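Subject: Structure for you to look at

Hello,

Here is the structure I promised to send. Please open it alongside these notes.

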Amino acid sequence: LNLADVAGKWDMRADTTGGTTPTTYVLTAMANTSGWTIKFPGKAAVPARVTVDGDSIMIAAGPYLSVRRKGVQVTTDGVMRLKDGSLVGSTTAHYKVKTADSVLTLNGTGTRAK
């Protein structure tokens with residue numbers, strides 16, 4: 001995968017298999033591994049760390065304040081692929097809590113922002 005193929009802004013949507021309320025954000029992708037950000041509505045952009053392996057983009061971010069759990073710090077790790085012009089993949093969120101629900105897996109899809 002060439003990162004130039006995905007450079008630009010992507011409207012992303014992530015939710016769980018159980019049908020929770022989706023999380024939406026804008027992913028700003030660069031033609032190299034630096035400068036990527038995740039921007040949730042009404043929040044400051046979160047810097048993302050990116051690596052590429054074959055056809056996969058690994059993206060990690062955090063810790064930052066969760067938009068799903070108010071007042072809780074979260075770190076995310078995900079893998080995305082470019083498929084039929086869309087970004088598809090999954091993300092694992094690790095919440096800084098002391099309870100059993102500290103991990104959440106989300107499925108994500110993204111389309112190029114217009």
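Below is what was found, after a word on the model.

This is a predicted model, so local features need pLDDT of at least 70 and side-chain atom pairs count only at pLDDT 80 or more, while totals for chains, interfaces and linings use all residues. Residues are numbered from 1 along each chain as its sequence is written, and side-chain values use heavy atoms, with hydrogens and water left out.

Serine 56. This residue lies in strand 5 (residues 56-65); strands are DSSP runs of E, at least two residues, numbered from the N terminus. Serine 56 is buried, at 7% relative accessible area. Buried means under 20%, exposed over 50%, partly exposed in between (1.4 Å probe, protein chains only). Its side chain makes a polar contact with the side chain of aspartate 55 at 3.2 Å. Another, of 3.0 Å, joins it to the side chain of arginine 81. A polar contact is a pair of N or O atoms within 3.5 Å; within protein, one must be able to donate a hydrogen and the other to accept it, and residues adjacent in sequence count only if both atoms are side-chain atoms.

Aromatics. There are 2 aromatic pairs (ring centres within 6.5 Å; planes under 30 degrees apart are stacked, over 60 edge-to-face, the rest tilted). Tyrosine 25 and phenylalanine 40 have ring centres 5.5 Å apart and planes at 55 degrees, so this pair is tilted. It links distant parts of the chain, 15 residues apart. Both residues are buried. Tyr25, Phe40 and Tyr64 form one aromatic cluster.

Best wishes

Technical notes:
Helix = DSSP H or I, 4+ residues; strand = E, 2+ residues; numbered from the N terminus. Phe/Tyr/Trp six-rings, centres within 6.5 Å; stacked < 30°, edge-to-face > 60°.
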